Amino acid sequence: MMISIRRSSTGRRRTSAAVALGAVLALTATACGDDGSGAGGGDGAEGSGKGKIVFWDNNGGVRTDIWKEIIADFEKANPDIDVQYVGIASTEYQSKVDTAIQGGGLPDVGGVTASMLAGFAAQGALDSLDFRLAKSPLNGKLNKDMIESLRAAGGGDNKLYSIPTSANNGVLYYRTDLFEKAGLEEPTTWDRFYDAAEKLTKKGSNEFGYTIRGGAGSIAQALDAMYGQSGITSFWDSTGKKTTVNDPKNIEALEKYAALFKKVTPAADLNNDFTKMVAQWDSGQIGMLNHNLGSYQDHVKALGSDKFRGIPQPTGPGGKRVQVSNPVDGVGLFKGSKNKEAAWKFIEFATSAPSSSKFNEAAGQVPAHMDAAKDDWIAKAEPTKLAAEALSDGSTSIVQLPYYLPDWNTISKAENEPNFQKVLLGDMSAKEFLDTLAGQLNEAQAEWQEQRG
């Protein structure tokens, strides 16, 4: 097992969140043991290709229904394999896997997005899937950019540890009925976005122009707003050693964005993760929401398709659209599985064209399987159609976030989400926040480059 240890900017040594959590729970490891999947550790085994396998869904609750439908389809086609579904909330998934890596009880198969892949791979928890894919009907049928994104996120060895299911994209959802009533133009530029946010706010009537994400997952949304306004198109400077997050243009952009809190947003936004933020927008009192394709169906159910639109993020300087990368989602095979043959059969089925189409229609995302990406439903789901076009027609520059850094999730979540809340409350300046974030990222990048030799 590989353990990431680095020296923080304050000079004290600390381990990654995975190791720290594992140390706290070390005494309970022998009591917990295996969860019945046979995936307690080691290199596992191919197994008989029959029997039980355990699947951990990394977005439990949100995706539970569609995964259970795919599992039912799989079990009907493979009656000698039983898939045990375990749904885990996206905000808890990484810590759950990290704890199981340390103490045992990993599943056979689990959701593995680009954002968490490096940390799992660095701890030796995942099987490389290259040789399996080479012999599979999936070979040559999956989106090459998504494959390469997952390879790059694996930590530098260029191995494929996750088979892609879908790509997401940032979306600006806005209430067409409210915009029309107020005589506002579509928020296709950041200037129009800020103008609409102010004009749609009527605090006395509990109406707000925007909902900002202040709870779990806030950093990625803030980065999207920063780079979108500044027009900076690379996460690292020309040396590849220093991040651009604290560039003066990004600092100015974050100051303007954070100033929206409580001025044109609900006060509850301070602690809202995506589920609370989406539910709040769907209640009908808020004009705009930044989220991704995944919440499209929720909005349709709540508002109807005629009261809102989901468009690509606003354009910034010179009419350019700049967005930060959304992590490619996928499924991985945990190395300790004692039934890898059956587990791989499930991965193949779950990422096949029919399953990919079914999953992504429910999720509103762009399918990884190229045959599924041609299905009719994409043209009918306008945000997905517009996102796919924006990603392929050259109109959008993507700032690639460093998912390959084993400490990326720790830095961008546990260490800085509380600081972003301080920025919203006015207790920390945007410059101090971004300088702190930049220092941690530069340190992690230097360590990663040193380890690569």
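Let me start with a group of rings: Phe 55, Trp 67, Phe 74, Tyr 85, Phe 346, Phe 349 and Phe 359 come together as one aromatic cluster. Before I go on, please keep in mind that this is a predicted model, and that goes for everything I show you today.

How many cavities of 30 Å³ or more does the structure hold? There are two. The largest cavity has about 60 Å³ of space. Around it you find Trp 67 and Phe 359, along with Asp 57, Asn 58, Asn 59, Arg 63, Gly 111, Thr 165, Asp 329, Gly 330 and Val 331. Which strand gives the largest share of this lining? That is β12, residues 329-333, with three residues. If you sort the lining of the largest cavity by class, you get five polar residues, three nonpolar and three charged.

Now to the open spaces, and to the second largest pocket in particular. Its volume is about 770 Å³. The lining takes in 30 residues, and the ones closest to the pocket centre are Asn 143, Asp 145, Met 146, Ala 167 and Leu 391. Which helix gives the most to this lining? Helix α7 does, with six residues. At least two residues each come from α7 (144-153), from β13 (366-367) and from α17 (382-392).

Let's go back to aromatic rings for a moment. Over the whole structure, the search finds 23 aromatic pairs. One that I'd like you to look at is Tyr 173 with Trp 281: their ring centres are 6.1 Å apart and the planes meet at 45°, so this pair counts as tilted. The two partners come from distant parts of the chain, 108 residues apart, with Tyr 173 in strand β7 (residues 170-175) and Trp 281 in helix α12 (residues 274-282). Are these two residues buried or exposed? Tyr 173 is buried, at 0% relative accessibility, and Trp 281 is buried too, with a relative accessible area of 0%.

Lys 256 places its charged end over the ring of Tyr 194, 4.4 Å from the ring centre.

Last, two backbone details for anyone who likes to check phi angles. Asn 206 is not a glycine, yet its phi is positive, near 60°. You will find Asn 206 in the loop between α9 (190-199) and β8 (208-211). With 47% relative accessibility, Asn 206 counts as partly exposed.

The other residue is Lys 262, again not a glycine, with a positive phi of about 70°. Lys 262 sits in the loop that runs between α11 (248-258) and α12. Its relative accessible area is 46%, so Lys 262 is partly exposed.

Methods: Residues numbered from 1 in each chain as written. Predicted model: local features only at pLDDT ≥ 70, side-chain atom pairs only at ≥ 80, totals over all residues. Heavy atoms only, no water. 1 Å grid on protein atoms, 1.4 Å probe; cavity = no way out; pocket = protein on both sides within 12 Å on 5 of 7 lines; lining within 4 Å. Points joined across faces, edges and corners; volume = space filled by probe spheres on them. Helix = DSSP H or I, 4+ residues; strand = E, 2+ residues; numbered from the N terminus. Nonpolar A, V, L, I, M, F, W, Y, C, P; charged D, E, K, R; others polar. Phe/Tyr/Trp six-rings, centres within 6.5 Å; stacked < 30°, edge-to-face > 60°. Buried < 20%, exposed > 50% of the residue type's maximum accessible area, 1.4 Å probe, protein only. Lys NZ or Arg CZ within 6 Å of the ring centre and 35° of its normal.
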